[in-house]
Amino acid sequence: MNNFIKKLTFRKAFNILLVYKDFYKSRFFGTVKRNAFPLSLSIEPTTNCNLRCPECPSGQRKFTRPTGSINIFFFKKIIDEFSPYLSNLILYFQGEPYLHPDFMELIAYASLEKNIYTTTSTNGHFIDEKNAKKTVKSGLDKLIISLDGITQEIYEQYRVGGKLEIVKKSIENIILQKKKNKSKTPIVVLQFLVTGLNEHQIPELKRYAKKIGADKVELKTIQIYDFKNGSELIPSNENFSRYKKLSDGTYEIKNKLRNNCSRLWNSSVITWDGDVLPCCFDKDAKYKFGNLNKQTFRQINNSRKYMDFRNLILKGRKNIDICRNCTEGLKLNEHIL
């Protein structure tokens, strides 16, 4: 949070105010225009991934959209347009970001040259001593490392093809390099995707995180694409589940899916090849509002496609397929300090 505030300029703060003004106007008056840039932006470095996680389209190689890695010059062009207004950059969407050949340069350009708060999320298989040092030097503010089990047997049930010892070594490497460089960043977050297979290991996870010196643990709920008839991945503890079991044995999402969504006003997602999407739930880029290879974001922001989609949200969010499995507006016990 300290680094976030340090990087917050008057212009960025004013943009945040505009974002929330437009959001509340949409809720109360049904307006669909966004008179600001998003305060948070997700850019996809690459769709490539080394793992085969069962509920991930990247891991399952099930994309119908083009796959690849973002060009560094195109990335800089995007950042140049956004940087005066952008408060938070998430260098992750689908894929494993550390597989991008210029990943450290992407971080450094946004964080050090453009003074943007930067976050990324990784499966933790590529942070050797060299990459750990580069990560600390890059200016990355927050590093989320997926650790979905404390034993190999449990870990690999979801992180198919993953090696727990490599991930643990990566965590040690980044924490050691922070100490060597006397750096408070990146904040190291161990993210635990809670499933019916690993929920019993949460106490052990917390002990491990404290012992290793991680900054934070986040318990994340899992998205199940075909949840109606249940899945072994749905936790038995409903505090960690997006779904609830009905009397007939089927499941439904807990979310009431009210007809508003702050994501449509405070954030946007950009694929590696420049498509502008509504949010991180549109993993296969079904709803494209424009492409930054052909237009500026300012031109796309209030295009007819973008405003029509915001209007659809306000009219009937449950009628949009990517919204029916969404956590926006759903209160969950996810963050453990």
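Biologist: Is C49 buried or exposed?

Modeller: First, the ground rules: this is a predicted model, where local features need pLDDT of at least 70, side-chain atom pairs count only at pLDDT 80 or more, and totals for chains, interfaces and linings use all residues. Residues are numbered from 1 along each chain as its sequence is written, and side-chain values use heavy atoms, without hydrogens and water. Buried means under 20% relative accessible area, exposed over 50%, partly exposed in between (1.4 Å probe, protein chains only). C49 has a relative accessible area of 18%, so C49 is buried.

Biologist: How many disulfides are found in the whole structure?

Modeller: A disulfide needs two cysteine sulfur atoms within 2.5 Å. The sulfur of C279 is 5.4 Å from the closest cysteine sulfur, in C280, which is too far for a bond. The search of the whole structure returns zero.

Biologist: Which cysteine sulfur is nearest to that of C49?

Modeller: C49 is in no disulfide. The nearest cysteine sulfur lies 6.1 Å away and belongs to C56.

Biologist: How are helix 3 and helix 4 oriented to each other?

Modeller: Helices here are DSSP runs (H or I, at least four residues), numbered from the N terminus. The axes of helix 3 (residues 72-82) and helix 4 (residues 103-113) come within 10 Å and cross at roughly 20°. Angles under 35 degrees count as roughly parallel. Helix 3 and helix 4 are therefore roughly parallel.

Biologist: Which residues in helix 4 does helix 3 meet?

Modeller: Contact means heavy atoms within 4.5 Å. From helix 3 come I72, F75, K76, I79 and D80. In helix 4 they meet E105, L106, Y109 and A110.

Technical notes
Axes are lines fitted to C-alpha atoms, for helices over the stretch in contact, and angles run from 0 to 180 degrees between N-to-C directions. Helices (H or I, at least four residues) and strands (E, at least two) are DSSP runs, numbered from the N terminus. Angles under 35 degrees count as roughly parallel, over 145 as roughly antiparallel, 65 to 115 as roughly perpendicular and the rest as oblique.
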